[in-house]
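Thanks for asking me to look this one over. Here are my notes, point by point, to read with the structure open beside you.

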Amino acid sequence: MSLTRRSKYLASAGAVLLAATYLYACAPRQKVSGIGNLGDAASRTYVAPGSYDEFYFFTSGGFSGQVGVYGLPSGRLLKVLPVFSQNAENGYGYNSETKALLNTSYGNIPWDDTHHPSLSMTNGEHDGRWLFINANNTPRFARIDLAKFETTETLEIPNTAGNHGAPFATENTEYLVAATRFSIPLPQKDESFGDFATKFKGTISLVKANEFGKMDVAFQILMPGFDYDLGRPGKGPSHGWVFFTSYNTEQAYTKLEVNASKNDKDYMAAVNWKQGEKCVAEGKAKTWPTKYYHNVLDDATHTATSEVKTSVKMLLPEDCPGMVYFLPTPKSPHGVDVDPTGEYIVGGGKLATVIPVHSFSKIQKAIADKNFEKDVYGIPVVNYAASMFCEVANPGLGPLHNEFDEKGNVYTSVFISSEIVKWSLPGCKVLDRVPTYYSIGHLSVMGGDTRKPYGKYVVAMNKISKDRFLPTGPELTQSAQLFDISGDKMKLLLDFPTIGEPHYAQGILASKIKDNQVKFFKLADNNHPYVAKTEQATGLTRSGKTVHIKMTAIRSHFAPDNIDGVQVGDTVLFHVTNLEQDWDVPHGFAAIGSFSDAELLIMPGQTRTLTWIPNSPGVFPFYCTDFCSALHQEMQGYVRVAAVGSTVALSATTSKRSLKALEQATGSAR
Ligand code: K7E
Ligand code: CUA
């Protein structure tokens with residue numbers, strides 16, 4: 001960039017960030033690794049064959065719409081969980097049973113952008129029941145059941161655009177909180193951009209989540225038209241409150257990098273949701289007509305169904321005094337994080353030269369004393385000096401996010417200067433800093449958002465991996481870096497590649513999850529409308545142009561495996577039940593030319609459906625895709641397809657000769 005062009009860039013604060021990003025993040029840098037003793041680092045992350053990792057680590061997939069499950073400290077990838085995505089690996093989002101989980105008022109949306117995994121909480125600690133995650137683009141929440149590692153419930157969030165500051169769980173998972181990133185006309189209608197400041201609004205949502213199948217918007221709060229970015233519920237003394245950062249309090253609607261970077265301070269919203277609950281109970285909320293989807297995967301039918309909701313309770317701050325306050329916070333803050341004691345609320349001012357720390361008790365006092373500097377859209381703005389506990393000096397360039405350990409230390413990710421800065425609370429002094437490779441976004445301490453962090457490790461999730469891994473064409477892998485934080489100095493232990501774009505991630509002790517696993521689904525409890533619990537219960541039915549085939553799979557054959565009487569243009573639905581009742585014995589199912597679905601991967605005791613529409617006469621094979629036994633290659637069959645109008649009746653046969661005995665003879669059990 002030329003000097004004149006650069007000085008133009010430097011004309012605004014937003015551009016300073018941009019220019020600094022070029023100068024720091026993209027400059028070639030030397031490979032200072034921060035590793036004191038490589039051999040020691042290797043042994044600290046080595047998990048011997050047959051041993052387990054100490055932590056599960058759940059990373060958001062960002063634009064992959066998925067969740068990555070890693071073991072730490074090894075950094076081994078254990079699973080990729082589809083959430084707001086279709087997954088060819090197991091048919092999620094393709095097959096008839098799971099498709100409804102992607103239903104929204106905009107239609108069936110098989111993609112989204114996931115940012116913040118949030119583990120369910122009991123008494124402010126991860127309890128290992130569920131993982132929640134947000135969809136940014138078409139606003140939604142998902143529940144992932146950690147006994148099954150499966151997405152089991154999704155909820156659309158109405159009156160929202162850019163569901164970014166979400167879904168952080170309160171101390172007992174009473175609520176997941178959410179805030180709108182984009183303010184929009186509410187209710188949505190055709191408005192001119194020039195009316196942004198008067199007609200565009202934001203919302204904050206409190207979503208009930210503590211019971212499977214009952215996720216719902218408890219109430220929403222109508223907010224001034226800013227961009228709300230991130231949120232964190234209080235803990236301990238601040239339980240009952242939630243804090244959201246905002247940027248663009250300038251209310252710009254074009255060229256935000258400049259126009260939304262003018263104010264020296266933006267606002268952090270401090271929301272007393274218990275007060276909100278009270279106002280709702282007193283009937284102060286308005287009922288707003290809207291439309292949003294709630295989708296639940298039923299345990300017994302293994303099938304998701306959708307329900308359409310038609311209204312929400314909307315609270316206006318002026319109708320519920322004491323519910324919302326603004327805390328001035330420098331400057332275009334991104335992250336907000338609450339320390340384990342619940343007293344300190346730490347902002348991440350991405351254009352600020354300090355890390356601002358608000359004190360919950362000082363906020364309470366300022367409110368009691370009415371120590372306000374002004375009102376903004378009727379919302380009292382607490383005096384900056386009155387809520388501020390400290391400003392941490394020398395935090396690096398572009399502080400974003402904070403996590404906490406068990407010893408009163410805070411770890412701040414600093415994007416532009418690519419580092420983790422460790423500092424103390426309540427001391428507010430920088431204690432250590434370590435470079436990351438490169439451009440760190442979120443970071444995650446094991447249990448680092450809870451009342452009782454485990455500490456031990458912090459993981460940096462970096463936006464750029466540059467020269468750290470073998471190149472893979474124009475797009476290089478995303479990367480995470482594991483640091484030891486048990487001593488005074490942070491120490492780099494491991495680089496590992498990550499899938500999608502991991503924004504945030506959470507680590508939980510493996511012992512809280514690993515012994516609660518569902519090993520298979522009980523066949524006796526399977527209530528799928530097309531289940532076949534025995535081979536005798538299989539069969540074919542035709543209704544018009546639709547053919548239902550109830551089929552079973554067991555090592556190593558399908559029943560039936562010869563199907564006759566299908567015609568060109570029929571919609572053939574293979575409902576395949578896996579009869580196995582043992583851990584880790586899925587069967588797969590694929591049929592040649594199936595163009596609307598991926599394969600099925602059917603867990604033991606489960607039924608899954610593949611849709612198949614033959615477009616020419618012939619005899620077409622299907623087979624099991626998962627190498628399930630020595631005779632897995634024999635696990636196959638044929639469908640015979642006749643021309644339209646053929647008089648061949650539907651029929652099915654299964655080879656009489658069971659291969660079970662042969663399998664046992666060859667010792668082929670998986
Ligand atoms: Cu900082 Cu979406 Cu939490 Cu990305 S967000 S880094
Ligand atoms: Cu069943 Cu391979």
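Predicted model: local features only at pLDDT ≥ 70, side-chain atom pairs only at ≥ 80, totals over all residues.

1. Helices (H or I, at least four residues) and strands (E, at least two) are DSSP runs, numbered from the N terminus. Residues are numbered from 1 along each chain as its sequence is written, chains are lettered from A and ligands numbered from 1 in the order in which they are written, and side-chain values use heavy atoms, with hydrogens and water left out.

2. Let me stay with D405 for a moment. Buried means under 20% relative accessible area, exposed over 50%, and partly exposed in between (1.4 Å probe, protein chains only). D405 is buried because its relative accessible area is 2%. A polar contact is a pair of N or O atoms within 3.5 Å; within protein, one must be able to donate a hydrogen and the other to accept it, and residues adjacent in sequence count only if both atoms are side-chain atoms. The D405 side chain has one such contact with the side chain of Y411, at 2.8 Å, and also reaches the backbone nitrogen of K407 at 2.7 Å.

3. Which residues does D405 touch, not counting residues up to four places away in sequence? They are P340, Y411, V445, P453, G455 and I485, where contact means heavy atoms within 4.5 Å. From D405 to P426 there are 21 residues in sequence and 13 Å in space, C-alpha to C-alpha.

4. P426 deserves a look of its own. The peptide bond leading from L425 into P426 is cis, with omega near 5°, and P426 lies in the loop between strand 29 (419-424) and strand 30 (430-435). Another cis bond runs from L72 to P73, with omega near 15°; P73 is in the loop between strand 2 (66-72) and strand 3 (76-82).

5. Please check two backbone angles as well. S439 is not a glycine, yet has a positive phi of about 55°. S439 belongs to the loop between strand 30 and strand 31 (440-446), and counts as buried because its relative accessibility is 0%. D584, also a residue other than glycine, has a positive phi near 65° and is found in the loop between strand 40 (571-578) and strand 41 (587-591).

6. Now the ligand. Around ligand 1 are H115, H116, H164, L230, H334, H401, G441, H442, K463 and H503, a residue being near if one of its heavy atoms lies within 4 Å. This shell divides into one nonpolar, eight polar and one charged residue. Here Ala, Val, Leu, Ile, Met, Phe, Trp, Tyr, Cys and Pro count as nonpolar, Asp, Glu, Lys and Arg as charged, and the others, Gly among them, as polar.

7. H115, one of the residues around ligand 1, sits in the loop between strand 5 (107-108) and strand 6 (118-122). Is H115 buried or exposed? It is buried, because the relative accessible area of H115 is 7%. The H115 side chain makes polar contacts with the side chains of D113 at 3.1 Å and H503 at 3.2 Å. Leaving aside neighbours within four places in sequence, H115 is in contact with residues including S60, I133, H164 and Y504.

8. E171 is in the loop between strand 10 (168-169) and strand 11 (175-179). E171 counts as buried because its relative accessibility is 9%. A polar atom of the E171 side chain lies 2.4 Å from the backbone nitrogen of G236. Beyond four places in sequence, the residues that E171 touches include M121, N123, H239 and R451.

9. S359 is buried because its relative accessible area is 1%. The side chains of S359 and S361 are joined by a polar contact of 3.3 Å, and the S359 side chain reaches the backbone nitrogen of K362 at 3.0 Å. Neighbours within four places in sequence aside, S359 is in contact with E343, S387 and F389.
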